[in-house]
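Please open the model in your viewer and keep the selection panel at hand. The tour begins with the whole chain and then moves from one selection to the next.

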Amino acid sequence: MKKILIILLIFNSLHTYSQKFTISGYVKDASTGEVLIGASVYVLGTTTGAFTNYYGFYSITLEKGNYNIEYSYLGYNTKTILIQLSANKTHNVELSASVEKLETVVVSAEARDKNVTSVEMGTQSLQMAEIKNIPVLFGENDILKTIQLMPGVKGAGEGNSGFFVRGGGADQNLVLLDEAPVYNASHMLGFFSVFNGDAIRDVKLYKGAMPAEYGGRLSSVLDIKMKEGNLKSYHATGGVGTISSRLAVEGPIKKDTSSFIIAARRTYADMFLLFAKDTNLRKTKLYFYDLNLKTNYTINENNRVFLSGYFGRDVFKFQDMFGTDWGNATGTLRWVHLFNPKLFLNSTIVYSSFDNVITVNNGMYDIDLKMGINDVNLKEDFQWYANTKNTVKFGFESIYHTFNPGELTTDMEGVNISIDNKYALETGLYISNEQTINDYIKIKYGLRFSTFNVMGPGTTYTYNDNHEITDSSIYSGKTIIKSYPGLEPRFAGTFRINAESSIKASYTRNNQYVHLIQSSTVSLPLDYWIPSTELTPPQVCSQYSLGYFRNFRENMYESSFEVYYKNLQSQIDYENGTNVFLNPNVESYLIFGNGRSYGAEFLVKKNSGTLTGWIGYTISKTEKKFNELNKGKWFPTRYDRTHDISIVAMYDFNKRLQASATWVFSTGDAITFPSGKYKIEEFTVNHYTERNGYRMPNYHRADIGITYTVKKNERYNSNINFSVYNVYNRKNAYMILFEPKDEKKPEELQAVKVTLFPILPSITWNFTF
């Protein structure tokens, strides 16, 4: 008995000695009450630490004892607190913004060495302060155009906010606004993005090593978070520009408990048309608008709810003859719950809609065309801080899609066309773990299991080689017509060579079940979405990445070099000459092939000082192969650009005057031109050899901007921004047309370059109070 008591006492003392407790909480901005994403929480004297998640939450488990905990966030004063840890503790911290000297101006809010120490690779984070300083078309701060300045990201064309990532198509990017998918992120045929910078808090792009919680697209995820609203005091932010004006108002509903933000933006080109001499022009409408709304309420320390929405439309109407009206609407209801200091839950219900309406009146008949897509999404995301070496994420999502490929109604008898709606249920289960092996090695591994069920009601068809229907099957109710399961493993690892450098590697596999049918290469409102069906399989991509990351001069400079290879399957195209517009049998014309993309990306970035910015360079190749096209040989995609360079510089002369400049260069797009022509009787027929066998001229452009602060104090801030787009008036080719050299010899053609934007100055007055 005495021996047993001694053993129990020894066991109890060992248990007490190794007893561990958890300190957790939120890190917030002291002036606004908004959470700080990616703030560093570090236990001094140890190698233990953590970063706050997307909701500003952190959790660290330590043995019983006294610790000095350091809370830091670039651009904010560091705070060190002595914690006596003898039980689980909740410790919320507010950090105040620091008044930096010019020598220490920073453009990044992440930990200075995060690019070296974290397992993330192929990711880019941008702060709104950076985005607002970069000169762009018409002086409109634009998230998507700033993203295009990063290596591995290519713009869709002159002034266009569409983008391609590492050889993927525009529809292979998942764009999220407060977790709601945005199916068309452009205004005015792509010249502006739908994101109002005054309403945005955080922007993060995943090009590779996509976390397991994301799915449904092959190439990238652009995750954009809206501001939550100031919990402390009321403020207004806005601007009056050359082509648009904007206003955002935020403040507490109940101080430190509930807040709101409302942000609106509208262009006013149509208002100037009211003064036109031409009566027809005065009847023309041309504008877009955005409205962002968000509110939140803290129930208690363990529960908080958020409600946000976005509504945006483009309106173009020429007299009563023609009009088009398209836009997005999203809504997100989110509940954040803390079960205990180690287990965190985010529950989300999402609604997303994109629709387009076109009206035509030729004086005799009225024609209306409608098309779009609607989603309802339920998500449950858990985060479990198992211990200081393991952070586990797991959850599921379920999306119900409704596709409207097109409905044409007229008052002409027998001319109405209606393509049946299609329905689908997309689900995903995932789990991942970020594990610290030792001081040098950190890995993140996970698995996502996705399924896509094509649902009734609906009718499926079988076609012959002439695209004629040979058989059909009718499904009623919520019958599962076709099911596609898919396993998507994810892995990323970091080997830290020393305090300033590391090597990283990753592998990602993705499935994509929804596809964009494009009537052209630009983001026109005639493009529409279709689901995977019995005839249209899901697209699949496997991506391999390897990178070297190095910081210099106490992390003032950061650099990276990444190489990647992507293998793409079931890529979609359609036969030459196919009419995809309002074609109820469009699936019979689709063809499927393989793709490959590989390249190298270089980035050097200066994070602090009077001069900040970055230089990015990408060398890459993207090809596809279809048995039915180009004689079954590999051919470059339209957006295959061998070289892509971007230089961004921002300079602070003093507290009142700042300047910025960008320069971009890219190889011209691949394009198909006729290589000759021949006559058959009286008809001239163009002869084509290789698909995308020619190149547009190389593209390059420089933009500059100057911001002068008129007045700045604790209550009011006013500045004027003057920017010039295409400062040296480069005549970049928007398209190439072939026209007769001489009216008397119409058979002799010459290539004519069509340009879009010359040198374009703009001015914007910005204010905050």
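Begin with the contacts of the whole protein chain, where a contact means heavy atoms within 4.5 Å: of those with a separation of 6 or more, 63% are between residues 24 or more positions apart. This is a predicted model, in which local features need pLDDT of at least 70 and side-chain atom pairs count only at pLDDT 80 or more, while totals for chains, interfaces and linings use all residues. Residues are numbered from 1 along each chain as its sequence is written, and side-chain values use heavy atoms, with hydrogens and water left out.

**The whole chain**

Show the C-alpha trace, which spans about 110 × 65 × 50 Å along its principal axes. The radius of gyration, taken over C-alpha atoms, is compared with a globule rule of 2.2 Å times the number of residues to the power 0.38; because that rule puts a compact globule of 769 residues near 27 Å, the 28 Å of the protein chain agrees with it. If you colour by burial instead, 53% of the 769 residues count as buried, where buried means under 20% relative accessible area, exposed over 50% and partly exposed in between, with a 1.4 Å probe and protein chains only.

**Antiparallel strands**

Select residues 390-410 and 422-436, which are β26 and β28, and follow their antiparallel pairing over 14 bridges; two strands pair if DSSP finds at least two bridges between them. Within this pairing, threonine 391 has glutamate 434 of β28 as its bridge partner.

Continue to β30 (458-463) and β31 (469-475), an antiparallel pair with 6 bridges, in which tyrosine 463 faces isoleucine 469 of β31. The hairpin of these strands has 5 residues between them, and histidine 467 there takes a positive phi near 65 degrees.

**A mixed sheet**

Which strands form the open sheet with mixed pairing? Select β9, β16, β17, β12 and β13, the 5 strands of that sheet, whose order is β9-β16-β17-β12-β13. At its edges stand β9 (123-126) and β13 (180-181), each with a single partner strand, so one side of each is left without a neighbour in the sheet. Inspect β12 (173-177) beside β17 (220-226), a parallel pairing over 5 bridges, where leucine 176 has aspartate 223 of β17 as its bridge partner.

Apart from neighbours within four places in sequence, its contacts include Val27, Leu36 and Tyr58; the C-alpha atoms of threonine 52 and leucine 36 are 7.3 Å apart, although 16 residues separate them in sequence.

Finish at threonine 689, in the loop between β45 (683-687) and β46 (694-695), which is partly exposed with a relative accessible area of 47%. Leaving aside neighbours within four places in sequence, threonine 689 is in contact with Asn630 and Ser675, and its C-alpha lies 7.4 Å from that of proline 674, 15 residues apart in sequence.

Definitions and conventions: Helices (H or I, at least four residues) and strands (E, at least two) are DSSP runs, numbered from the N terminus.
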